[in-house]
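Student: I have a new structure to read, and I would like to learn how to go through its features one at a time. Could you take me through it, giving the idea before the case?

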Amino acid sequence: MSRSLLRRALLAAAFVLPMALSGAPAVAGSPPPEDPPPSVWRVAASGPQARALADAGFDVVETHDDAVLVVGPASTADRLRDLGYRPRFHDTVHKPVEGAENAPADTFYGGYHTPAAHEAHLDQVAAAHPGLATVVDIGDSWRRTRGLGGHDIKAICLTRKKEGDCALRPNAAKPRLAVIAQIHARELATGEVAWRWIDHLAGGYGVDAEVTSVLDSTEVWVVPIANPDGVDIVASGGDRPRMQRKNANTSNGACGGTTIGIDLNRNSSFRWGGDSTRPCAETYQGPRAASEPETRALETWFSALFPDRRGQGDDDPAPRDATGVMITLHSYGNYIITPWGWTERPAPNDAQLRALGRKMAQSNGYVVGTNGDTVGYSTTGTTDDYTYGVLGVASFTFEIGSSSGSCGGFFPQYSCVNSVFWPKNRGALMTAAKAAAAPYQTT
């Protein structure tokens, strides 16, 4: 059996039981059923039309002034034509797979790591660097809470450890940077950038002066896979990853395939309730705020990392001496997005957030601004609005990658991680870590 076939067999064996238990059709001993091959379609549409398409169940992934990008198989284009639209092919979703024969068995699609591989990686880093790294279990995935397999959600704390460091208490001695990735499961590049960020810090201490200075003075926390059940579903497709965005919750609506679940980046408890109420929609916000165990795990963890430095009013700024930075990694668009997402009004710290965003963009070249300046649509119940809106933490969303080409979309070729995404974002993440002590004093 070739290495590629062996890897597919291992992935199939790993995911058949959870998929069957979650209600997805699966036959014991066989891989999950394949979804029809998706493409990206460009559709001329206004802002209200884009929202209507999303509400109707279309997977709208990018919005412009006069057009949207919609992901789906050929039948999606047919449905759009039936509604009077004229979709045009924009790009393939799956790219040619490189080096599949030589990829390790705990990877898929040319080298992307499974949740189990990420968990093992965190333990390996902690074992190799006991004076720097601590792994913390911050909560459970949905499947774990239901006894359907699933995962613990793991974070790693990296710092030159002194007594009291890496403790889950908001009055820590050192400022903190928190980075989370793959809260949207199909956004593959984000978990890999987090992996390299961890290795850069752990391997660079005592060797790289910049890394050494950061870890002497700052705690860097990373959750490389915030939605592990969803990533399991993505990885079950092997060299044709499945398009799962949400978590694996099957208790809301008669959804199937990759339409199951709740969008964890619409489920946070701050300003929840303005996105889709349709369970099978990609932006389904859930039945109530923070309904999902993954959401609650992240919010509890954030509140244990950062003190509350914001008032109760929408216009109350975080004070100038507030510490802490949070970055949530997403794909795609080449943006650094600042709060707010829930309204077009500027956040009370808008100028300072944009200033730090521009400083980070000196490394990756991304466009800096709010949702209105970048993706072109509003969002509610998001992670960055929660950490800024509730705690006053300087919070950002990185949208990694472009919309098309071998290094574009949700499923870029694996080689793009080392050739494009990591080199562009290494400096931006380092800038964030150095700013954690005084993010609102960046000039």
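Predicted model: local features only at pLDDT ≥ 70, side-chain atom pairs only at ≥ 80, totals over all residues.

Student: Where is Asp-239 placed, and is Asp-239 buried or exposed?

Tutor: Asp-239 belongs to the loop between helix 8 (228-235) and helix 9 (293-305). For burial we ask whether relative accessible area is under 20%, and Asp-239 counts as buried because its relative accessibility is 9%. Helix 8 is itself mostly covered, with eight of its eight residues buried, among them Pro-228, Asp-232 and Ala-235.

Student: How should I read the aromatic pairs, and how many are there?

Tutor: The idea is to compare ring centres, which must lie within 6.5 Å, and then the angle between the planes, where over 60 degrees counts as edge-to-face. By this rule there are 11 aromatic pairs. In one of them, the rings of Tyr-109 and Phe-411 have centres 6.1 Å apart and planes at 70°, so this pair is edge-to-face. The two residues are 302 residues apart and the pair links distant parts of the chain, with Tyr-109 in the loop between strand 5 (107-108) and strand 6 (112-113) and Phe-411 in the loop between strand 14 and helix 12 (415-435). Both Tyr-109 and Phe-411 are buried, and together with Phe-108, Tyr-112 and Tyr-414 they form one aromatic cluster.

Student: Which charged end sits over the ring of Phe-58?

Tutor: For such a case we look at the distance from the charged end to the ring centre, and the charged end of Arg-79 sits over the ring of Phe-58, 4.1 Å from its centre. The charged end of Arg-271 likewise sits over the ring of Phe-270, at 5.9 Å from the ring's centre.

Student: Where does UniProt place the feature "active site", and what is that residue in contact with?

Tutor: An annotation of this kind is taken from a record and may be inferred rather than shown by experiment; the unreviewed UniProt entry places "active site" at Glu-399. Glu-399 lies in strand 14 (residues 394-399) and counts as buried because its relative accessibility is 9%. Leaving aside neighbours within four places in sequence, the residues in contact with Glu-399 include His-330, Tyr-332, Asn-334 and Tyr-366. Ser-331 is also in contact with Glu-399, and the backbone nitrogen of Ser-331 lies 3.4 Å from a polar atom of the Glu-399 side chain.

Notes
Residues numbered from 1 in each chain as written. Heavy atoms only, no water. Helix = DSSP H or I, 4+ residues; strand = E, 2+ residues; numbered from the N terminus. Buried < 20%, exposed > 50% of the residue type's maximum accessible area, 1.4 Å probe, protein only. Contact = heavy atoms within 4.5 Å. Polar contact = N/O pair within 3.5 Å; in protein donor to acceptor, adjacent residues only side chain to side chain. Phe/Tyr/Trp six-rings, centres within 6.5 Å; stacked < 30°, edge-to-face > 60°. Lys NZ or Arg CZ within 6 Å of the ring centre and 35° of its normal.
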